Amino acid sequence: MGARVQIVEMGPRDGLQNEKVSVSVEARIAFVEALVAAGLTTCEVGAFVSPKAIPQMVGSDQVLRAAGDLDGEFHVLVPNEKGYEAAIAAGAKVVSVFASASEGFSRANINCSIAESIERFKPVLARARADGVKVRGYVSCVLGCPFDGEVKPSAVAEVAKTLSDLGCYEISLGDTIGVGTPAKARAMLRAVGGDVPPAKLAMHFHDTYGQALANLYAGMEEGVFVIDSAAGGLGGCPYAPGATGNVATEDVVYMLEGMGIATGVDMDKLLAATNRMSALLGRPPVSRVASALNAKRAKATKA
Ligand code: HMG
Ligand code: MG
C-alpha cells in the first residue's frame, strides 16, 4: 500500500454538472486554476455533450482552452464523434468515453444500449489513435444501478474489457449512486482485474451512502491506485436519481497522507478552492475534512 496514488480531480466536471446554480465559465476556469495550483494536476474540466442534456457544461471549450495554458493533464467527456470533434478543436489531448454496466442507466444517460454505445465509441477511439489523443473509459453503475438494481461483477468486467481492448489506457469504474460496500467493491475489482490489469483501473466512487473511503481502501488492497474525487465532494449525475457527489478530494488526501502516502496536494490551497466554489453555490462543502478544517479555523480566528 506504499505505492504512489494518483488522484484524478473531478470537481469542474462531475462536481458542477449537477448544480442548479449556474457557474460562469470564468468561475469554472478560476476553479481549475486553483485546483491545479493546489497540486491536482490531472483534472477533468468539462464535457462535450448535448447542451440540452447538461447545460452546466456549456462553455467546456473555453474552460479546456484556458486549462491548456496550465501545467497538467486535462480530461473532458465525449459521448460520440460530434463531442470528440469539438473537444479536439478546443485542444483536448485526453478524452473520456463513458459506458454503463447496466442497460437502464445507459439508456437514461446517453439514450442508447450498452452495445450501441460501444459502436459509437469505436470511431472515437480510432480517430484518437490516429490523432495521438489518449482515451480514458468509464464504466458506470459498477456496484448498482438506479434503474436495474443489482449489477453483476461479470457485467462490469465485460464492458471494462471491451473498452480496454478498444484502446482505452485506463478504465474508471463508477459507483455512480454510491451504494457499494467494501466487500462488494473488492469482489467487483477482482472480477474486472481478471480481464484488465489493476494497474489500468481507476476507482470513481460517489459517496451517497458514506462508503466511498472504505471502498477505496479495499480497492487499494486489490492493487488499484488511481482515485477519482471531487473537491468538496461536489456533484452527482443528473441521470442517476438520488446520487450525490464523488468522494471528496479533501477526504481522500487526508486519508492517504495519514497512511504515509504522499499526494502532492496542498490542503490549504485545496480548501481555499473548495470554499470559493461553495460560496458561489451558496452552501457549505459536504466534505467531512473540509468541514472539520473550516470549523477549526473559525474557532482559531475567534480565539
Ligand atoms: P441523443 O438525443 O440520442 O443524440 O443524445 P442525437 O445524436 O440524436 O442528437 C440529439 C441532439 O443532440 C442533436 O441536436 C445533436 O446535434 C446534439 P439537435 O439537432 O436536437 O439540436 N448532440 C450533441 N451536441 C453537443 N455535443 C455532442 C452531441 N451529440 C449530439 N456531443 C447524447 C445522445 C449522448 C448526445 C446525449 O444523451 C447526451 O449528451 N447525454 C449527456 C450525458 C451526460 O453528460 N451525463 C453525465 C456525464 S456521465 C456521468 O456523470 C457518469 C460518470 O461520472 C461515471 C460515474 O459516476 O458512473 C462519468
Ligand atoms: Mg461520476
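Let me begin with a question: are H2 and H11 roughly parallel or roughly antiparallel to each other? Before I answer, please keep in mind that this is a predicted model, and that two packed helices are described by the angle between their axes and the distance between the axes. For H2 and helix H11, which covers residues 267–281, the axes come within 8 Å and cross at roughly 165°. Angles over 145 degrees count as roughly antiparallel, and H2 and H11 are therefore roughly antiparallel to each other. The crossing in which H2 passes H11 is left-handed.

If you want to find this contact on the screen, look on the H2 side for Ala-27, Phe-31, Ala-34, Leu-35 and Ala-37, which meet Lys-269, Leu-270, Ala-273, Arg-276, Met-277 and Leu-280 in H11. Sorted by class, the residues of this contact are nine nonpolar, no polar and two charged.

H2, which spans residues 25–37, also packs with helix H3, residues 60–67, and here the angle is about 35° while the axes lie 9 Å apart. This crossing of H2 and H3 is right-handed. H2 brings Val-25, Arg-28, Ile-29 and Val-32 to the contact, and H3 brings Ser-60, Gln-62, Val-63, Ala-66 and Ala-67. Six of these residues are nonpolar, two are polar and one is charged.

Pro-153, Val-156, Ala-157 and Ala-160 from H7 make the contact with Ala-187, Met-188, Ala-191 and Val-192 from H8. What classes of residue do we find in this contact of H7 with H8? There are eight nonpolar residues, no polar ones and no charged ones.

The largest pocket holds about 580 Å³ of space. It is lined by 34 residues, and the closest to its centre are Val-49, Pro-79, Phe-98, Asn-109 and Ile-110. Helix H1 (11–15), helix H4 (81–89), helix H5 (103–110) and strand E5 (134–140) are the elements that give two or more residues to this lining, and the largest share, four residues, comes from H5. By class, the lining of the pocket has 19 nonpolar, eleven polar and four charged residues.

Finally, how many cavities of 30 Å³ or more are there? The count comes to one, and the volume of this largest cavity is about 50 Å³. Among the residues that line the cavity are Ala-231, Gly-232, Gly-233, Leu-234, Arg-283 and Val-286, and the lining as a whole divides into six nonpolar, four polar and one charged.

Note on methods. Residues numbered from 1 in each chain as written. Chains lettered and ligands numbered in written order. Predicted model: local features only at pLDDT ≥ 70, side-chain atom pairs only at ≥ 80, totals over all residues. Heavy atoms only, no water. 1 Å grid on protein atoms, 1.4 Å probe; cavity = no way out; pocket = protein on both sides within 12 Å on 5 of 7 lines; lining within 4 Å. Points joined across faces, edges and corners; volume = space filled by probe spheres on them. Nonpolar A, V, L, I, M, F, W, Y, C, P; charged D, E, K, R; others polar. Contact = heavy atoms within 4.5 Å. Axes fitted to C-alpha atoms, helices over the stretch in contact; angles between N-to-C directions. Left-handed = near helix turned anticlockwise from the far one by under 90°. Parallel < 35°, antiparallel > 145°, perpendicular 65-115°, else oblique.
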